[in-house]
Amino acid sequence: MIRNLCKTAVVSCKETVYTYNLFHMVKAFFPDAEIRQTVDEEQEPLVNLVLDGGSFFSIMPDLSVKTKDDGKDANPQESVMDGAGLPEDKEDSGVARSTGDSWLIGSTDDSSLTGSKGDWEADRQARKKWVTLQVYEFLAAYTGRQLAWGMLTGVRPVKLAMGRLEAGDDEEGIRAFLSREYRVSEEKAGLAAQIAVRERELLGRLDYQKGFSLYIGIPFCPSICTYCSFSSSPIGLWKNRIEDYLYALLREIRALGALGQGRKLDTVYIGGGTPVTLEGAQLDRLLSVIEETFADAAGGKGILEYT
């Protein structure tokens with residue numbers, strides 16, 4: 001059964017560690033829904049998710065999972081755990097499993113992720129990943145669809161791919177890892193792997209001794225994305241202060257040019273925010289000062305990236 005409509009979703013977490021991932025996970029499945037989120041340290045479940053009509057999904061402190069579908073089931077269905085915190089029908093997923101009194105979080109061939117149950121319970125990142133995955137699989141089953149980037153919606157997948165590349169994985173291994181651990185689609189997992197390979201080649205050409213990278217922030221956006229953690233403000237609120245900001249920014253760029261004498265400019269990245277919130281004439285002034293100050297940036301010659 002495919003259900004893509006949800007007007008309201010209520011998410012309650014026992015710890016703040018789960019809130020960011022779960023908010024954006026639910027929003028990705030139900031973009032038009034109103035998400036109401038609270039943190040209640042006194043509640044019993046680690047996570048409780050309630051959708052329209054009374055459907056709910058809960059992860060209990062013993063890591064058992066309870067679900068109820070649309071209020072039709074008077075007795076919530078409990079997915080029984082084997083003491084490992086993973087339903088018996090999920091034991092081969094490679095995400096979490098038990099080996100007696102120990103945990104294995106992640107792929108079964110990664111010994112760095114093993115540890116005692118106490119260790120796992122103390123590992124916030126491992127718990128966050130596991131809880132996020134359980135919620136993702138519930139929502140995927142509930143809606144009858146998968147997200148292209150799996151449970152990585154709202155985060156930077158190439159960072160994970162690069163980590164696996166640095167650990168010795170090839171592209172095929174990275175694709176398998178992202179699909180297995182984070183439910184990323186085959187297409188997107190392949191894309192992340194390809195970009196990681198290209199990125200490592202470029203990083204190998206940086207001058208780590210005498211080079212430097214220049215980041216220029218334009219902290220304004222037409223609107224603020226829900227998942228964004230960057231320092232940015234709505235352009236409508238700051239329209240009359242952009243000239244002041246640009247004046248200070250250009251002074252700082254010139255000062256950095258003087259301080260960076262004798263060093264090589266490797267990359268220039270203009271981010272934010274949304275750089276094109278600047279008007280054409282303002283953007284032209286910014287680019288002109290960059291090229292006047294850093295000869296290597298003129299025409300994009302002599303640097304590895306000018307974005």
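Does Arg183 count as buried or exposed, and at what relative accessibility? Arg183 counts as buried, because its relative accessibility is 19% and the cut-off for buried is under 20% relative accessible area, with exposed being over 50% and partly exposed in between (1.4 Å probe, protein chains only).

Before going on, some ground rules. This is a predicted model, where local features need pLDDT of at least 70 and side-chain atom pairs count only at pLDDT 80 or more, while totals for chains, interfaces and linings use all residues. Residues are numbered from 1 along each chain as its sequence is written, and side-chain values use heavy atoms, with hydrogens and water left out.

Now to Arg183's partner. Glu137 makes a salt bridge with Arg183, and their closest N and O atoms sit 2.6 Å apart. This pair ties together distant parts of the chain: Glu137 belongs to helix H3 (residues 124-143), while Arg183 lies in the loop between helix H5 (171-182) and helix H6 (186-203), 46 residues apart. A salt bridge here means a side-chain nitrogen of Lys or Arg within 4 Å of a carboxyl oxygen of Asp or Glu. Helices are DSSP runs (H or I, at least four residues), numbered from the N terminus.

The structure holds 12 salt bridges. One of them joins Glu243 and Arg285, with the closest N and O atoms 3.0 Å apart. Here too distant parts of the chain are linked, with Glu243 in helix H8 (residues 242-259) and Arg285 in helix H9 (residues 280-293), 42 residues apart. Glu243 is partly exposed at 37%, and Arg285 is partly exposed at 33%.

Finally, Glu15, Arg124 and Arg127 are connected in a salt-bridge network.

Note on methods. Helix = DSSP H or I, 4+ residues; strand = E, 2+ residues; numbered from the N terminus.
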